[in-house]
Amino acid sequence: PRVRFFIGDIRDKDRLYRALSGIDYVIHAAAMKIVPTAEYDPFECVKTNVLGAMNLIDASIDNGVKSVVTLSTDKASSPSNLYGATKLTSDRLFVAGNHYSAGSTKFSVVRYGNVMGSRGSVIPLFLSMKDQGFFPITDMNMTRFMITLEEGVELVWHVFSDMIGGEIYVKKIPSMKVVDIAKSIDK
């Protein structure tokens, strides 16, 4: 009874206003996060990751939401692709949201890397390609920061209890070479 689920689109401001009516806490995880998709269709990526963030900030403040934690990515720290650039922009918007809310709504950001086993992670991709005899590794030195789903959830709960508003939380997590991940799936 204390949790509500709505189907909607982060780009639909009216739907966000309805969904956030009477809500105290929000975890924002909506994003267009597949790098090649973002590069192929940058307009849609910006609409979702940037304009959607602005919609959520406005709807949260106007509905009196107490705290919002937005999930970001390690790719936002020094972006080399559009996805990272839009998430960096989103992160900055959420930090600035604290100024717009004048303390009535607190916004903070959680940044981490690949959630192991999640959709879009390298692990399920490699598992689906195991029988093809090769993996699409473009750079043998490429690494991925890895976090379990449980660690990610724990970090979000920690942020809700710790946040003042405006922080970007970055958990120290292990990095792994993509080649080593591939070898663990298929020698």
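Visitor: Which helix or strand supplies the largest share of the lining of the largest pocket?
Guide: That is α6, with five residues. Helices (H or I, at least four residues) and strands (E, at least two) are DSSP runs, numbered from the N terminus. This is a predicted model, in which local features need pLDDT of at least 70 and side-chain atom pairs count only at pLDDT 80 or more, while totals for chains, interfaces and linings use all residues. Residues are numbered from 1 along each chain as its sequence is written, and side-chain values use heavy atoms, with hydrogens and water left out.

Visitor: What volume does the largest pocket have?
Guide: About 1,300 Å³. A pocket is an open set of points on a 1 Å grid over the protein atoms alone where a 1.4 Å probe fits, with protein on both sides within 12 Å along at least five of seven lines; lining residues have an atom within 4 Å of a point. Points are joined across faces, edges and corners, and the volume is the space filled by probe spheres set on them.

Visitor: Which residues are closest to its centre?
Guide: Of 40 lining residues, these are Lys33, Ser118, Arg119, Gly120 and Ser121.

Visitor: How does that lining divide by class?
Guide: Into 22 nonpolar, twelve polar and six charged residues. Ala, Val, Leu, Ile, Met, Phe, Trp, Tyr, Cys and Pro count as nonpolar, Asp, Glu, Lys and Arg as charged, and the others, Gly among them, as polar.

Visitor: Turning to the second largest pocket, what gives the most to its lining?
Guide: β1, with four residues. The volume of this pocket is about 890 Å³.
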